[in-house]
Amino acid sequence: MCRSSLSLLTFLILPLFFVGCQSQPALRLSDIDADLSNGQLIYEDDCILCHEGAIEGAHRLDQSDRWRESAKKGYERLVSNTIQGYRGKYGELPVMGMCPQCSESDIRDAVAYMLVSAGVMK
Ligand code: HEC
């Protein structure tokens, strides 16, 4: 029950972020509210599976060129792509990065951690 109301909330609120942030992608850590230590835990538990091994086209954290390309979409868009799932030209990022037990805030933290580690968010 909790999860379905969370996704409903996500569905209603995310479009507002799109409108608000489209023109000015937030790539400064100081512009967002993220817990990088939690992001690292989530990354190491759930995202590393594909991202460290570059499985199915997932970018490793040391592939800064790929991350720079993604970062042009802005942080909010990357968060929503992770939550909703995204098929790009390199492969498929599954819904919630294959972490169904993650909250939206866990995903936000993990995406921020990845961008900071890749050197595209300071
Ligand atoms: C099953 C493999 C898989 C897992 C697990 C996974 N990813 Fe990915 N991810 C991908 C692939 C493949 C891409 C590249 C998609 C493309 O650009 O074609 C990607 C791309 C991304 C992007 C960039 C999206 C964009 O719009 O450019 C972000 C952000 C991301 N992943 C975050 C995460 C997070 C956070 C987690 C863990 C909660 C995670 N991923 C777990 C496969 C995975």
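## Stop 1: the ligand shell

Start with α2, which gives the most to the shell around the ligand: six residues. Helices here are DSSP runs of H or I with at least four residues, strands are runs of E with at least two, and both are numbered from the N terminus. This is a predicted model: local features need pLDDT of at least 70, side-chain atom pairs count only at pLDDT 80 or more, and totals for chains, interfaces and linings use all residues. Numbering starts from 1 along each chain as its sequence is written.

Now select the residues around the ligand. There are 31, and C47, C50, G88, G91 and G97 come nearest. The elements that give two or more residues to this shell are α2 (36–51), α4 (75–84), β2 (92–93) and α5 (104–117). A residue is near a molecule if its C-beta atom, placed from the backbone, lies within 6 Å of it.

Colour the shell by class. It splits into 18 nonpolar, eight polar and five charged residues. Nonpolar covers Ala, Val, Leu, Ile, Met, Phe, Trp, Tyr, Cys and Pro; charged covers Asp, Glu, Lys and Arg; the others, Gly among them, are polar.

## Stop 2: the whole chain

Zoom out. The protein has five helices and two strands. Along the sequence they follow the pattern α-α-α-α-β-β-α. Of its 122 residues, 28% count as buried, meaning that 20 or more other C-beta atoms, placed from the backbone, lie within 10 Å of the residue's own.

## Stop 3: α4

Select α4. How many of its ten residues are buried? Seven are, leaving α4 mostly covered. Pick out Y75, E76, L78, V79, S80, T82 and I83: these are the buried ones. Then step to G85, which follows α4 and has a positive phi, near 90 degrees.

## Stop 4: α4 against α5

The axes of α4 and α5 come within 10 Å and cross at roughly 125 degrees. The axes are lines fitted to C-alpha atoms over the stretch in contact, with angles from 0 to 180 degrees between N-to-C directions.

Show the side chains last. Y75, L78, V79, T82 and I83 of α4 meet E104, I107, R108, V111 and L115 of α5. Contact requires C-beta atoms, placed from the backbone, within 7 Å. By class, this contact has seven nonpolar, one polar and two charged residues.

Note on methods
Buried ≥ 20, exposed ≤ 12 C-beta atoms within 10 Å, placed from the backbone. Contact = placed C-beta atoms within 7 Å.
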